[in-house]
Amino acid sequence: MKAGAVTGEFDHAADAYDRLVSANPGYHAHLRISARRLGLPDRGRGLRLLDLGCGTGASTAALLHTAPSARIAGVDASRGMLDAARAKPWPTSVSFHRGRAEELTPAWAEEHLGGPADAVFGAYLVRNCPDPDMLLASVRSLLRPGGRLVLHEYSVADSVSARAVWSAVCWGVVIPAGRALTGRADLFRYLWRSVLEFDGRAALLDRMRRSGLESVASAPLPGWQYGVTHTFAGRRPLGTEAGHGR
């Protein structure tokens, strides 16, 4: 799935995706919590932000809510998800672009943002990349020195109870609802399996450190997703040359 088929499944599910996530209590509020954990000053005035894996724009809206004065570029590999995002009303400071997050370069950031990103937000992104280390190396190269990364991601490998909650929610709610709204369940079975197979919290934090990020830490999200969904934060060290972080 991660090698390409998952993008096609997101294309197929795009029209129903917003209805699906709206049934998740706290989905949008949790994205705003993680966006606030970027610690952006002055409502984002003068800042350049990247929303990688932006999907239909829910994470972009969270960034905009937190930093309404920033310039924001959303990126996603799925044409269907981007079409859904672009159909929504946005200020001129927000733009959307098709691409694979792990393939973006400092030259891309210069062209589309006017320079390196002050912050990168990635919601439900790293788990879906075929090579998470390549993604993190790319993100590091896109950030200015001192720029921050926040990943908003499921991680249950370190907790037996979190794994049980995740499986119960997927098979009791997510997979049946996904099948009913889209006509098939492949994407939603993949979602269930991909979370169970993904890094635990400690492993992802270690992966971020190995990529060259510092001040790496995580924090849980509230509600039923406590212990299931987390904010992972890190920073590109000061004194490293922008555009040469890979």
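Residues are numbered from 1 along each chain as its sequence is written, and side-chain values use heavy atoms, with hydrogens and water left out. Because the model is predicted, local features need pLDDT of at least 70 and side-chain atom pairs count only at pLDDT 80 or more, while totals for chains, interfaces and linings use all residues.

**Stop 1: α2 and α3**

Select residues 27-36, helix α2, and residues 58-66, helix α3. Helices (H or I, at least four residues) and strands (E, at least two) are DSSP runs, numbered from the N terminus. The axes of α2 and α3 are 8 Å apart, at an angle of about 50°. Axes here are lines fitted to C-alpha atoms, for helices over the stretch in contact, and angles run from 0 to 180 degrees between N-to-C directions. The pair α2 and α3 is therefore oblique; angles under 35 degrees count as roughly parallel, over 145 as roughly antiparallel, 65 to 115 as roughly perpendicular and the rest as oblique. The crossing of α2 and α3 is right-handed. A crossing is left-handed if the near helix is turned anticlockwise from the far one by less than a right angle, and right-handed if clockwise.

Show side chains on Y27, H28, L31, R32, A35 and R36 of α2, which meet A58, S59, A62, L63, H65 and T66 of α3. Contact means heavy atoms within 4.5 Å. By class, the contact of α2 with α3 has six nonpolar, four polar and two charged residues. Ala, Val, Leu, Ile, Met, Phe, Trp, Tyr, Cys and Pro count as nonpolar, Asp, Glu, Lys and Arg as charged, and the others, Gly among them, as polar.

Now centre on L63, in helix α3. L63 counts as buried because its relative accessibility is 1%; buried means under 20% relative accessible area, exposed over 50%, partly exposed in between (1.4 Å probe, protein chains only). Residues up to four places away in sequence aside, L63 touches A35, L38, L49, L50, D51, I72 and F121. From L63 to R32 the C-alpha distance is 7.0 Å, across 31 residues of sequence.

**Stop 2: the loop between α2 and β1**

Select L40, in the loop between α2 and β1. L40 has 17% relative accessibility and so counts as buried. Not counting residues up to four places away in sequence, L40 touches L47, L49, A67 and A119. The C-alpha atoms of L40 and A67 are separated by 7.0 Å, with the two residues 27 apart along the chain.

D42 is also in the loop between α2 and β1. D42 is not a glycine, yet has a positive phi of about 50°. Most residues other than glycine have a negative phi.

**Stop 3**

Go to H152, in strand β5. The relative accessible area of H152 is 0%, so this residue is buried. Leaving aside neighbours within four places in sequence, the contacts of H152 are H30, L31, S34, F121, G122, A123, Y124, L221, T229 and H230.

Then pick S215, in strand β6 (residues 214-220). S215 is another residue that is not a glycine and has a positive phi of about 50°. With a relative accessible area of 46%, S215 is partly exposed.

**Stop 4: α6 and α9**

Select helix α6 (residues 132-142) and helix α9 (residues 201-210), whose axes come within 9 Å and cross at roughly 50°. That angle makes α6 oblique to α9. Their crossing is right-handed. P132, D133 and L136 of α6 meet R207, M208 and R210 of α9. This contact of α6 with α9 has three nonpolar, no polar and three charged residues.

Eight of the eleven residues of α6 are buried, including L135, V139 and L142. Their cover includes β1 (48-52), α5 (106-113), β4 (117-123), β5 (143-154) and α9. At the start of α6, a side-chain oxygen of D131 is within 3.2 Å of the backbone nitrogen of D133.

**Stop 5: α7 and α8**

Finish with helix α7 (residues 160-182) and helix α8 (residues 186-197), whose axes come within 8 Å and cross at roughly 160°. The two helices α7 and α8 are therefore roughly antiparallel, in a right-handed crossing. Among the α7 residues that meet α8 are W166, W171 and I175, and the α8 side includes F188, L191 and W192. The contact of α7 with α8 divides into ten nonpolar, three polar and three charged residues.

How values were computed:
Polar contact = N/O pair within 3.5 Å; in protein donor to acceptor, adjacent residues only side chain to side chain.
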